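I opened this model to look up its helices, surface and side-chain pairs. My entries follow in the order in which I made them.

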Amino acid sequence: KFNYLNMKKSYCDFDLEKRYKIIFEKTKTKNIIELQNFLINLKKKSKLETNFSKPGININENIEKIISDVNLKRLKNNPIKLSKKDLKYIILNPSI
């Protein structure tokens, strides 16, 4: 959702808006909220744990360590440039 909301800041060589339209079409969703719900349901069906406290991870206590362990080179594939501040915001606000 962060990328969608920041689409205007995209620095990729493809049209991010068109990519989202394709994703909406393929997932039979109409907008980012429906896509987000689709992904939530997909994670549930796949039995993927999204509650970090269940495996004993306290996000608030460990946020700086989590962010410092992110490989920023791997984030270059993201169409929106992400700073450590952005990562912190995304991690602490999972509905964004």
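Entry 1: I began at F38, which lies in helix α3, residues 32-45. Helices here are DSSP runs of H or I with at least four residues, strands are runs of E with at least two, and both are numbered from the N terminus. F38 has 33% relative accessibility and therefore counts as partly exposed. I used these classes throughout: buried is under 20% relative accessible area, exposed is over 50%, and partly exposed is in between, with a 1.4 Å probe and protein chains only. F38, L39 and L42 form a nonpolar patch on the surface, and together they have about 250 Å² of accessible area. Patch members have over 30% relative accessible area and no salt bridge; like charges are joined within 9 Å, and nonpolar side chains (Val, Leu, Ile, Met, Phe, Trp, Tyr) within 5 Å. Areas come from the Shrake-Rupley method with a 1.4 Å probe, and for residues only the protein chains shown count as cover.

**Entry 2: source of the values.** I noted that the model is predicted, that local features need pLDDT of at least 70 and side-chain atom pairs count only at pLDDT 80 or more, while totals for chains, interfaces and linings use all residues. Residues are numbered from 1 along each chain as its sequence is written, and side-chain values use heavy atoms, with hydrogens and water left out.

**Entry 3: the chain as a whole.** I found five helices and zero strands in the protein chain, in the pattern α-α-α-α-α along the sequence. The C-alpha trace spans about 40 × 30 × 20 Å along its principal axes. Of the 96 residues, 21% are buried. The chain exposes about 7900 Å², of which carbon and sulfur atoms supply 53%. I also looked up contacts, meaning heavy atoms within 4.5 Å. Among those between residues at least 6 apart in sequence, 54% join residues at least 24 apart.

**Entry 4: charges.** How far apart are the mean positions of the positive and negative charges? For 22 positive and 10 negative charges, the mean positions are 2 Å apart. Lys and Arg count as positive, Asp and Glu as negative, and His and the chain ends are not counted. The place of a charge is NZ of Lys, CZ of Arg, CG of Asp or CD of Glu.

**Entry 5: salt bridges.** Side chains of opposite charge can pair when their charged atoms come close. I looked for salt bridges, defined as a side-chain nitrogen of Lys or Arg within 4 Å of a carboxyl oxygen of Asp or Glu. The structure holds two. One joins the side chains of E64 and K88, at 3.1 Å from N to O. This pair links distant parts of the chain, since E64 is in helix α4 (residues 59-68) and K88 is in helix α5 (residues 84-92), 24 residues apart. K88 is partly exposed because its relative accessibility is 33%. In the other bridge, the side chains of K65 and D69 meet at 2.8 Å, N to O. Both K65 and D69 are exposed.

**Entry 6: I63.** Is I63 buried or exposed? I63 is at 6% relative accessibility and so counts as buried. I63 lies in helix α4. Leaving out residues up to four places away in sequence, I63 touches K88, I91 and L92. I63 and L92 are 29 residues apart in sequence, with their C-alpha atoms 8.2 Å apart.

Entry 7: The C-alpha atoms of K9 and P79 are separated by 8.5 Å, although the two are 70 residues apart along the chain. K9 lies in the loop between α1 and α2 and, with a relative accessible area of 59%, is exposed. D13 lies in the loop between α1 (2-5) and α2 (16-27), and at 79% relative accessibility D13 counts as exposed. D13 and P79 are 66 residues apart in sequence and 8.7 Å apart from C-alpha to C-alpha.

**Entry 8: positive phi.** Most residues other than glycine have a negative phi. I noted K28, whose phi is near 55°, a positive value. K28 is found in the loop between α2 and α3 and is exposed, with a relative accessible area of 75%. K47 also has a positive phi, near 60°. K47 is in the loop between α3 and α4 and is exposed, with a relative accessible area of 74%.
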